[in-house]
Amino acid sequence: MPINEWSEIIFYGDYFQQGNYAQGQGGLLYKNNLLEEDETHKISVTGGLLARWNDALIPLLRLDYHKIGLGISYDMNISKLRPASQFRGGLECSLSFRSY
């Protein structure tokens, strides 16, 4: 949902199922386009918070530089394992390349 010509709010949701295991997550992201020369030459920063149902809260930050994306997120455990994990989770980094 565009806010203005440079920024937008993104409603995110997905659902995975493999055999008897199912997982859903969703959240809200804010994206700010810092530079946009054309579709393949743009720089943007995205940040937000996702929730994996009955499992974790996931703050995230992502930098997209032309066709390359670099992201960092942290899974904070909010499940029944919370007393053992003490809200500790896992730091995750991502690197992506968009070829379209």
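Predicted model: local features only at pLDDT ≥ 70, side-chain atom pairs only at ≥ 80, totals over all residues.
Local features need pLDDT of at least 70 and side-chain atom pairs count only at pLDDT 80 or more, whereas totals for chains, interfaces and linings use all residues. Residues are numbered from 1 along each chain as its sequence is written, and side-chain values use heavy atoms, without hydrogens and water.

**Sheet**
- Strand 4 (residues 56-65) and strand 5 (residues 68-77) run antiparallel and are joined by 8 bridges; R62 has G71 in strand 5 as its bridge partner.

**Residue T46**
- T46 lies in strand 3 (residues 41-52) and is buried, with a relative accessible area of 6% (buried: under 20%, 1.4 Å probe, protein chains only).
- Beyond its neighbours within four places in sequence, T46 is in contact (heavy atoms within 4.5 Å) with L29, Y30, K31, L60, L61 and R62.

**Largest pocket**
- The largest pocket holds about 370 Å³ of space (a pocket is an open set of points on a 1 Å grid over the protein atoms alone, with protein on both sides within 12 Å along at least five of seven lines; lining residues have an atom within 4 Å of a point).
- Of its 17 lining residues, L29, T46, L50, L60 and R62 are the closest to the centre of the largest pocket.
- Strand 4 supplies the largest share of this lining, 4 residues.

Notes: Pairing = 2+ DSSP bridges. Helix = DSSP H or I, 4+ residues; strand = E, 2+ residues; numbered from the N terminus. Buried < 20%, exposed > 50% of the residue type's maximum accessible area, 1.4 Å probe, protein only. 1 Å grid on protein atoms, 1.4 Å probe; cavity = no way out; pocket = protein on both sides within 12 Å on 5 of 7 lines; lining within 4 Å. Points joined across faces, edges and corners; volume = space filled by probe spheres on them.
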